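Colleague: Please put the model up, and then we can go through it by question and answer.

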Amino acid sequence: MDAVQKAGNGHPGTAMAMAPLAYTIFTKFLRHNPQNPGWKDRDRFVLSAGHASILQYSMLHLTGYDLPLDQIKRFRQSGSITPGHPEHFLTPGVEATTGPLGQGFANGVGMAMAERFLADRYNRIGHEIVDHRVFAICSDGDLMEGVSNEAASLAGQNALGKLVYFYDDNRITIDGTTAISFDGEDKGKRFEAQGWHVQRVADSEDLEALAEATQNAVAEEGRPSLVIVRSHIAYPAPNAMDTAAAHGAALGEDEIRLAKEALGLDPDEHFAVPDEVYEHMDQRPRGRELEEEWNGRFDAWSAEFPDLLEEWEQAWSGNPAPGYKEKLPRWDPSETEKMATRKAGGAAMDAFGEYAPTMIGGAADLVGSTNTTFSNGGIFSPVNAGRNIAYGIREHAMGSSVNGMAVHGGMVRPYGSTFLIFSDYMRPAVRLSALMGVKVAWIWTHDSVGLGEDGPTHQPIEHYMSLRAIPNLTVIRPADANETSVAWQSTFETDGPVALLLTRQNVPVLDPAPAEGALRGAYVREDAEVGEPEVILIGTGSEVAVALEARRLLAGQGVDARVVSMPSWEIYDAQDQGYKDSVLPPSVEARVSVEAGVPTGWERYVGFHGRSVGIDRFGASMPGEELLQELGISPENVANEALDLLGRPERITEEEGTPAVEDTDPSEGHS
Ligand SMILES: Cc1ncc(C[n+]2csc(CCOP(=O)(O)OP(=O)(O)O)c2C)c(N)n1
Ligand SMILES: [Mg+2]
């Protein structure tokens, strides 16, 4: 109450009403060590109702985390570790960044998947070194958001029994009573139908009932658990209680006085924590004991299984084992003329797979199309913690649970995959992966209108740019099979989320020798014959082949062009100026970019006098090769833009050019 009042804003009501539950979780059930928030086998706690962050900060403070009272007093202020919504990596004990409702719920599901996977891989009979739970507090909003429905379904399907979730049934949201928005469904029955174990606690002030239900939920390991806790927002503030206003506004001094009086506290004291309370809440001794006991088990396991220990440590570093780079495949264009980059991506994954045994992930029912299976990795299920997760058609939950796996730790680059167009269905999670800076991989195939006949509903247009607009997300769109292999190396070398955009259609395999240049984000793929180029053609992904062909056409007109392959803006931008200038010399102002998406933003590289060949309309249902040609993603169009830019009168006709992309072999199907 005091913290929100001092800040002048925040969300007091839910924190107040959920305090007995948080107290029960943090002091009676959560196996954690405030002095080592990174203890690997700790239980995880997620406040999915992130707006109630002051509840989590209070618990962390009182139970002995490195979060002093001064931080509570600086709630929501500049430079504090107590921001408006919990942020991972900022506050010790905060496992995930939450606030966009439903995300924390789904993150927890990913954490439980990680736990299951690591337990299966590293536990041995008599040596259980992975055995922890995920506790979460969720609100009406969490349950209303679709992502939690997907995640609950996924958790039920996979019998994630380590989930211990609480639903704050306060029947209040911002717009008022849930009678107007969320009382038409029986939430308990919904979760039961999804395979969850459901209990009810009638009064959130009943500590005994809370403890009993939590105990039952903890004991239930065969199914995920939901405890529905009936509460009254802002209890015991007499006037604020059960009102929507108590959700997101400071209570006011008078109301705080009344609430403190109701609790038997001195209303004239602020931020007062009696010593007995600290003593009672302190979880450091219990935490130390828990961790020491685990350390003993871990040491015994380490001594018995040194090979596993080595692998475990590698896994917790978040990186694949050394040696994986040498395994990344290369293709020789004289043997393999064309290949879809999605196919090359699959080959790369299989090549490095054994170097990253805890890298797990899957696709949203498109694994056969995105080529993101680890051969012989098995399917993740209630009886087998395989590496390949059948997410089903649940992109939202896929994204958020991949984030959950990443913040859990021990998992190398968890990934999710689908068609690029459906990145829209994962976007909240993608944004949060960037905000949290977690090492995940988003693998999106069918990355342009080149996918063809499925038509405009399936053809990404604005996606490359909209993804590049997300800070801290590295987007890589490799030109060919060899660059795809290199892109995987870049992915592992990037300290944050990476999006790989791969083609459905075949593209020419280019000379592998210069492909390593892709590690620097952009590089000279083919240069001018003599001295400085007259014009620079910049392409990404499948359009690099278009640019190369345009260069050939320009040569026929006596124009000496350089082709730059630019798979990643972000990686190129991070290079030193000298390198950047060597690829795009400031002295060469004639530049043309070509990319099968909205051109907005290419001015950054082509300058105000350059040209950008792109697509700023929706696609169409027709063969991809024809569509690309029709939309101007063609060598002659690129060459003509260059000629125009150079003030040359010649124009190249379609007949003179040869289409640089070819439709996929029809036997491979469209999906
Ligand atoms: C995805 C998303 N949409 C909207 C919001 C804004 N918002 C914050 S809390 C909230 C709903 C509050 O109701 P409830 O979830 O029941 O929380 P309570 O007030 O009971 O704590 C909304 C709409 C949000 N945080 N996330
Ligand atoms: Mg509510």
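Predicted model: local features only at pLDDT ≥ 70, side-chain atom pairs only at ≥ 80, totals over all residues.

Modeller: Residues are numbered from 1 along each chain as its sequence is written, while chains are lettered from A and ligands numbered from 1 in the order in which they are written.

Colleague: Which element gives the most residues to the side of domain 2 that touches domain 3?

Modeller: The domain assignment (bounds from an automatic or database source) places domain 2 at 324–508 and domain 3 at 522–668. In the contact, 36 residues of domain 2 meet 33 of domain 3, two residues being in contact if their C-beta atoms, placed from the backbone, lie within 7 Å. Elements that give two or more residues to the domain 2 side include β13 (474–476) and α22 (481–493), helices being DSSP runs of H or I with at least four residues and strands runs of E with at least two. The most, four residues, come from α21.

Colleague: How many charged residues are in the contact of α17 with α22?

Modeller: Helix α17 (residues 341–352) packs against α22 at about 45°. From α17 come T341, A344, G345, A348 and F352, which meet A481, T484, S485 and W488 of α22. Ala, Val, Leu, Ile, Met, Phe, Trp, Tyr, Cys and Pro count as nonpolar, Asp, Glu, Lys and Arg as charged, and the others, Gly among them, as polar. By class the contact has five nonpolar residues, four polar and, as for charged ones, no residues.

Colleague: Which elements each supply at least two residues of the shell around ligand 1?

Modeller: The shell has 18 residues, the closest being T14, S139, D140, G141 and T173; a residue is near if its C-beta atom, placed from the backbone, lies within 6 Å. Seven of the shell residues are nonpolar, eight polar and three charged. The elements that each supply at least two are α7 (140–144) and β4 (172–173).

Methods
Axes fitted to C-alpha atoms, helices over the stretch in contact; angles between N-to-C directions.
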